[in-house]
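Hello,

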Amino acid sequence: MFSLKKVIYKHILEINDLNIKRYKVTCIVGESGSGKSTLLRLLNKLISCDSGEIFYNGQSLNSINSIELRRNIGMLPQLPVIFPGSIKDNLLIGLKFAEKPLVDDKKLRTILNIIHLNKNLDDNGDKLSGGERQRLALGRLILIDPDVFLLDEPSSAMDEKTENIIIKTLVSYIQETNKTLIMVTHSKKVAQTYAENIIEIHQGKVIDIKEV
């Protein structure tokens with residue numbers, strides 16, 4: 001699905017050759033500052049490499065319209081944005097940005113069940129805890145229904161019990177809907193439990209790739 005060839009980004013990343021497979025759960029691991037989040041941003045064309053090339057389904061990212069790309073490749077940053085308004089407003093705003101049809105409250109409540117967020121649709125999004133905000137932003141991304149999910153530490157603000165529930169539910173959703181998940185995680189346990197492929201980055205370079 002993704003292929004990186006001789007990619008260099010500033011002093012942060014130097015990846016000679018890397019392939020990330022379609023329909024797989026891939027975890028990217030490594031110490032803080034190793035370039036994991038930068039790699040995700042490159043895949044979503046939020047930044048561009050200084051040299052080399054990145055391909056998505058055989059097509060160079062340079063030749064793909066950024067807006068069209070992000071309709072197919074959705075990204076959840078480590079500190080997701082929560083917009084003013086209700087939980088419902090925050091779920092629907094992603095569809096508005098993506099210019100996709102809005103959904104009814106029944107569908108929204110289904111999303112809340114998927115992300116295990118026991119809240120009312122009219123509750124204020126600003127009142128949520130850090131972990132609840134991560135789950136709300138994840139629900140917003142699921143609603144957009146991209147082919148590829150890029151998640152940067154999606155459970156960093158959650159306790160271990162909630163993390164296990166959310167990641168397990170998310171991985172099941174990804175597999176049932178034939179999506180691709182590429183996830184940066186600090187948790188070796190999460191990577192070992194849920195990943196089908198693990199990419200380890202050290203000081204900006206890929207040092208290991210494992211099929212689990």
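**Cysteines**

A search through the whole structure, which is a predicted model, finds zero disulfides.

Six strands form an open sheet with mixed pairing, and their order across it is E6-E7-E8-E3-E9-E10. Strand E6 (73-76) and strand E10 (205-211) stand at the edges, where each has a single partner strand, so one side of each is left without a neighbour in the sheet. On average, and with direction ignored, neighbouring strands of this sheet are turned by 15° against each other. At one end of the order, strand E9 (residues 197-202) pairs with E10 in the antiparallel sense over six bridges, and within this stretch Ile-201 stands opposite Val-206 in E10. Helix H5 packs on the sheet, where it touches E6 and E7, and the direction of H5 makes about 175° with that of E6.

**The nonpolar cores**

The largest nonpolar core has 38 residues, and those with the most contacts inside it are Ile-87, Leu-91, Leu-138, Phe-149, Leu-151 and Leu-181. At least two residues of this core come from each of several elements, including the strands E3 (25-29), E7 (148-152) and E8, and the helices H3 (87-97), H4 (105-114), H5 (130-144), H6 (160-176) and H7. Apart from this core lies another, of 28 residues, among them Val-7, Tyr-56, Leu-69 and Ile-199.

Leu-91 deserves a separate look: if residues up to four places away in sequence are not counted, Leu-91 touches Leu-108, Ile-111, Leu-112, Leu-121, Leu-136, Gly-139, Arg-140 and Leu-143.

**Ser-187**

Where does Ser-187 lie in relation to strand E8 and helix H7? Ser-187 is found in the loop between strand E8 (180-184) and helix H7 (188-194). With a relative accessible area of 11%, Ser-187 is buried, because this value is under 20%. A polar atom of the Ser-187 side chain lies 3.0 Å from the backbone nitrogen of Val-190.

With best wishes

Methods
Residues are numbered from 1 along each chain as its sequence is written. This is a predicted model: local features need pLDDT of at least 70, side-chain atom pairs count only at pLDDT 80 or more; totals for chains, interfaces and linings use all residues. Side-chain values use heavy atoms; hydrogens and water are left out. Helices (H or I, at least four residues) and strands (E, at least two) are DSSP runs, numbered from the N terminus. Buried means under 20% relative accessible area, exposed over 50%, partly exposed in between (1.4 Å probe, protein chains only). A polar contact is a pair of N or O atoms within 3.5 Å; within protein, one must be able to donate a hydrogen and the other to accept it, and residues adjacent in sequence count only if both atoms are side-chain atoms. A disulfide is a pair of cysteine sulfur atoms within 2.5 Å. A nonpolar core is a set of buried Ala, Val, Leu, Ile, Met, Phe, Trp, Tyr and Cys residues joined through side-chain atoms within 4.5 Å. Contact means heavy atoms within 4.5 Å. Two strands pair if DSSP finds at least two bridges between them. Axes are lines fitted to C-alpha atoms, for helices over the stretch in contact, and angles run from 0 to 180 degrees between N-to-C directions.
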